[in-house]
Amino acid sequence: YLPRDRSRCAFLSRKLDAGEITTLNSPPLPVLENVFAKDAIAVIVNESSNDTLISANELKRMLAGQYKVDKSIVFDNPNSSLVRYLKDFSGEKELKQKNIYALKSNKEVREYVSKHPEAIGIIGFSWLNDPDADYAPAAQKVKIVSVKDENSKTDPNTYFRPSQETLYKNQYPLKRDLYIVNCSGRKGLATGFELFMRDDKGQRIILRSGLLPVNIPERNVTIHNKF
């Protein structure tokens, strides 16, 4: 049983862990987890910076304090899903290096990097794709860094920029699945919304947002030859 101020449906950037599933199953609530989109984690620098390439291993060492760098690394608030991703990515339980800072939001990350040439920002790619008017000027003053994965079996020496294409081709290394978790156990609002998000219209919304839908919407093109 869930109190009235609780939801039976949630969006997560990771799968539930064993403890969370156990909690939801007692009392029993059927847990359905489905991927509805994929997101890229973008690395950004100031428009004046000459650093436009980085490897996944270099970024890991920076976050772990094993790589000497005279730049500050900034990301959104310390309780965000992005910070959890960075901890898992780097293998660090805490990101406590003196040059690593948590701000309050993704907008602040863009603003900070746009004003500080020595900064490296880490942000969800969808926040850079088609930015809102209030932060578009800051987005225009940053550059997206290309990333290579030395451990890739297919492209260990190639740098890739985050995009829907490189996510689809599994080329960009900094990525994550986005899940919709439905514990309603019956047909209703939560189930209907989940089906909408995974159906054609919902996946087209995902596509326009800059994320990669798991079901690529078809696009039919009709060509008329009239001479």
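Visitor: What is the relative accessible area of Tyr-101?
Guide: Tyr-101 has a relative accessible area of 39%, so Tyr-101 counts as partly exposed. Buried means under 20% relative accessible area, exposed means over 50%, and partly exposed lies in between, with a 1.4 Å probe and protein chains only. Please keep in mind that this is a predicted model, in which local features need pLDDT of at least 70 and side-chain atom pairs count only at pLDDT 80 or more, while totals for chains, interfaces and linings use all residues. Residues are numbered from 1 along each chain as its sequence is written, and side-chain values use heavy atoms, with hydrogens and water left out.

Visitor: And where is Tyr-101 found?
Guide: Tyr-101 is found in strand E5, residues 100–102; helices (H or I, at least four residues) and strands (E, at least two) are DSSP runs, numbered from the N terminus.

Visitor: Which residues does Tyr-101 touch?
Guide: Leaving aside residues up to four places away in sequence, Tyr-101 touches Ser-72, Ile-73, Val-74 and Phe-75, where contact means heavy atoms within 4.5 Å. As for Ile-54, Tyr-101 and Ile-54 are 47 residues apart in sequence and 19 Å apart in space, going from C-alpha to C-alpha.

Visitor: New topic: is Ser-49 buried or exposed?
Guide: Ser-49 is buried, with a relative accessible area of 6%. Ser-49 is found in the loop between strand E2 (32–46) and strand E3 (53–55), and Ser-49 touches Lys-71, Pro-117 and Lys-143, again not counting residues up to four places away in sequence.

Visitor: How many salt bridges does the structure hold?
Guide: The structure holds 10 salt bridges, a salt bridge being a side-chain nitrogen of Lys or Arg within 4 Å of a carboxyl oxygen of Asp or Glu. One of them joins Arg-176 and Asp-39, with the closest N and O atoms 3.3 Å apart.

Visitor: Which parts does that pair tie together?
Guide: Arg-176 lies in strand E9 (residues 175–182) and Asp-39 in strand E2, so the pair ties together parts that are 137 residues apart in sequence. Arg-176 is buried, with a relative accessible area of 13%, and Asp-39 counts as buried too, at 4% relative accessibility.

Visitor: What about Arg-84 and Asp-88?
Guide: The side chains of Arg-84 and Asp-88 meet in a salt bridge, 2.8 Å from N to O. Because Arg-84 and Asp-88 are four residues apart in helix H3, about one helical turn separates them. Arg-84 is partly exposed at 24% relative accessible area, whereas Asp-88 counts as exposed at 54% relative accessibility.

Visitor: How do helix H2 and helix H3 cross?
Guide: The axes of helix H2 (residues 56–64) and helix H3 (residues 81–90) come within 9 Å and cross at roughly 105 degrees, which means that H2 is roughly perpendicular to H3. The contact is made by Ala-56, Leu-59, Lys-60 and Leu-63 of H2 together with Leu-86, Phe-89 and Ser-90 of H3. Axes are lines fitted to C-alpha atoms, for helices over the stretch in contact, and angles run from 0 to 180 degrees between N-to-C directions. Angles under 35 degrees count as roughly parallel, over 145 as roughly antiparallel, 65 to 115 as roughly perpendicular, and the rest as oblique.

Visitor: Where is Phe-11 found?
Guide: Phe-11 is found in strand E1, residues 9–12, and Phe-11 is partly exposed, with a relative accessible area of 41%.
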